[in-house]
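Keep the sequence and the 3D view side by side as you read.

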Amino acid sequence: MKGLGALESRVMTVLWDSADALSVHDVVERLSDDQRVPAYTTVLTVLTHLWEKKWVLREKVGRSYRYRPSRTRAEATTDLLREILDASPDAPAVLLHLARTASAHEIEALRQGISDERHRR
């Protein structure tokens, strides 16, 4: 994910895939399915950086912290897309080009979202 390093992205994926807040030990354990398992202290450092960047929230439980994402994966992706659109001199053209590359499922989801939004107004 843009704005995150490779290990930061892996850690965020672990957190997004979990329904509960996780300890550093939990994250290391869940990363152990991958070929290269990072050290506990490396994951602790990554989680601290993610907390400083406001990607994760943390709460103290006993002597350690539990971490959870500060926003959903969809919200984080939307924020990145928003940044790209805001940086473009022609955001509508970018959106139209993106729409041309969308799958039928994605177009239907977009139509449903626009319809829902119109009914809320």
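Is D17 buried or exposed? D17 is exposed, with a relative accessible area of 57%; here buried means under 20% relative accessible area, exposed over 50%, and partly exposed in between, with a 1.4 Å probe and protein chains only. Before going further, a word on the model: it is predicted, so local features need pLDDT of at least 70 and side-chain atom pairs count only at pLDDT 80 or more, while totals for chains, interfaces and linings use all residues. Residues are numbered from 1 along each chain as its sequence is written, and side-chain values use heavy atoms, with hydrogens and water left out.

D17 has a partner. R73 forms a salt bridge with D17, and the closest N and O atoms are 2.7 Å apart; the term stands for a side-chain nitrogen of Lys or Arg within 4 Å of a carboxyl oxygen of Asp or Glu. This pair links distant parts of the chain, 56 residues apart: R73 belongs to helix α4 (residues 73-87), and D17 to the loop between α1 (6-16) and α2. Helices and strands are DSSP runs numbered from the N terminus, helices being H or I with at least four residues and strands E with at least two. R73 counts as partly exposed, at 33% relative accessibility.

D26 pairs with R66, the closest N and O atoms being 2.9 Å apart. Here too distant parts of the chain are linked, with D26 in helix α2 and R66 in strand β2 (residues 64-69), 40 residues apart. R66 is partly exposed, at a relative accessible area of 29%. R82 forms a salt bridge with D86, again with closest N and O atoms 2.9 Å apart. R82 and D86 sit four residues apart in helix α4, which separates them by about one helical turn. An α-helix has 3.6 residues a turn, so residues three or four places apart point the same way. R82 is partly exposed, with a relative accessible area of 43%, whereas D86 is exposed at 55%.

Now for the helix packing. Two packed helices are described by the angle between their axes and the distance between the axes. The axes are lines fitted to C-alpha atoms, for helices over the stretch in contact, and the angles run from 0 to 180 degrees between N-to-C directions.

Take α1 and α2 to begin with. They pack at an angle of about 105 degrees, with their axes 10 Å apart. The two helices are therefore roughly perpendicular to each other; angles of 65 to 115 degrees count as roughly perpendicular, under 35 as roughly parallel, over 145 as roughly antiparallel and the rest as oblique. L7, R10, V11, V14 and L15 of α1 make the contact with V27, R30 and L31 of α2, where contact means heavy atoms within 4.5 Å. By class, these residues divide into six nonpolar, no polar and two charged. In this scheme Ala, Val, Leu, Ile, Met, Phe, Trp, Tyr, Cys and Pro are nonpolar, Asp, Glu, Lys and Arg are charged, and the others, Gly among them, are polar.

Next, look at α1 and α3. Their axes come within 10 Å and cross at roughly 80 degrees, and α1 and α3 are therefore roughly perpendicular to each other. L7, E8, V11, M12 and L15 of α1 meet T42, V46, L47, H49 and L50 of α3. That contact has seven nonpolar, two polar and one charged residues.

The remaining pairing to view is α2 (residues 24-31) with α3 (residues 40-52), whose axes come within 9 Å and cross at roughly 115 degrees. On the α2 side, V24, H25, V27, V28 and L31 take part, and they meet Y40, V43, L44 and L47 in α3. The classes here are eight nonpolar, one polar and no charged residues.

How enclosed is α1 by the rest of the structure? Largely so, because eight of its eleven residues are buried. The buried residues are L7, E8, S9, V11, M12, V14, L15 and W16, and what covers them includes α2, α3, β1, β2 and α4. S9, for one, has a relative accessible area of 17%.

Finally, find K54 in the loop between α3 and β1 (56-61). Its phi is near 70 degrees, a positive value in a residue other than glycine. Most residues other than glycine have a negative phi. K54 is exposed, with a relative accessible area of 63%.
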